[in-house]
Amino acid sequence: MKNLVEFLRRYIHVFVFVALESIALYAVVSSTSYKQWRWNAWGKELCGPLLKRQAKIRSYMHLNRDNQILQEANRSLLHRIYNVDVGEKTVKDYYLDSLHHPVFAYKIAHVIENTTNLPDNYLILDKGSNDSLRPGLGVLSEHGVVGIVKEVSPHFSVVMSLLHSKFNLSVILKGGVVTGVLYWDGHHHRQAVVRNVSSLDDVSVGDTLWTHHSLIFPPQYPIATVSEVSKEVEDGFYTLKVRLLTPFDRLSAVWVVENNFYDELKSLKDSIAP
């Protein structure tokens, strides 16, 4: 006990100094928001790895919400890029509407079932007639064409996939020179063929194919790229092998596209049909 008292007496000034410094430091940290922020920042540096892990967990928990925001932003961009207003110069020879109604409307949907290994593949979407979906609407991914809505119920819809033996679509190479008709060859979910190609003069491997003369899909929407050019002629036409841009094996979010003037245009086309 005597030794303890002697120790405290000898070093009392050190303990007093440490206590006063602690009080002063606390006062400085608490005096202004800036200094408090610096102090907190220093503490966070020490706890950085734990905070980063917590941030990753929060980010993962918010992925669904963030994806929905991103999908809506993409839908808005899709509406602006692959659309025209009725009455604009680019289409005024075909449509005359002083109200300037957009030709195409887009809705976000999610794939809840999808096949890729059948002769006739399909998708099921989480939207139906309650969401204004109906048979005949086109379906797109951010990469390319997906298919056409065939049946709907109040809450769901069945889509004929591009990977279907009865699916075909008029296509054109960018530049507007070479046209043909795209079919799925039934072999692989990233492969298809384009038939009825009249000339190969402006065709090269890697060229992009786009939608053409469709009432269902917006014009010049990407579909595939040329992977092989066949020199063989069948009934006066060539055939191209193409690589589909849509990754059908991992589809999640899609857009259902509606031509607001489909009925009017279809009626006109039917009136001149033989």
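Let me start with one residue. Leaving aside neighbours within four places in sequence, Leu182 is in contact with Leu162, Phe167, Asn168, Leu169, Val171, Ala192, Val193, Val194, Ile223, Val242 and Leu244; contact means heavy atoms within 4.5 Å.

This is a predicted model, in which local features need pLDDT of at least 70 and side-chain atom pairs count only at pLDDT 80 or more, while totals for chains, interfaces and linings use all residues. Residues are numbered from 1 along each chain as its sequence is written, and side-chain values use heavy atoms, with hydrogens and water left out.

Now the core. Leu182, together with Val145 and Leu162, has the most contacts inside the largest nonpolar core, which has 48 residues. Such a core is a set of buried Ala, Val, Leu, Ile, Met, Phe, Trp, Tyr and Cys residues joined through side-chain atoms within 4.5 Å. Buried means under 20% relative accessible area, exposed over 50%, and partly exposed in between, with a 1.4 Å probe and protein chains only. Strand E1, residues 104–114, gives the most to this core: five residues. Across the chain of 274 residues, 32% count as buried.

One of the partners of Leu182 is Val171. Val171 lies in strand E6, residues 168–173, and is buried at 1% relative accessible area. Not counting residues up to four places away in sequence, Val171 touches ten-apart Val181 as well as others, including Trp210 and His212. The C-alpha atoms of Val171 and Val181 are 5.8 Å apart.

Next, the overall fold. The chain has five helices and twelve strands; these are DSSP runs numbered from the N terminus, helices being H or I of at least four residues and strands E of at least two. Six strands close into an antiparallel barrel, in the order E1-E2-E5-E4-E3-E12. Two strands pair if DSSP finds at least two bridges between them. Gly138 stands opposite Ile148 in E4.

Which phi does Ser132 have, positive or negative? Positive, about 70°, although Ser132 is not a glycine. Ser132 is found in the loop between strand E2 (120–125) and E3, and is partly exposed at 48% relative accessible area. Asn196, also not a glycine, has a positive phi near 65°. Asn196 is placed in strand E8, residues 191–197, and counts as partly exposed at 39%.
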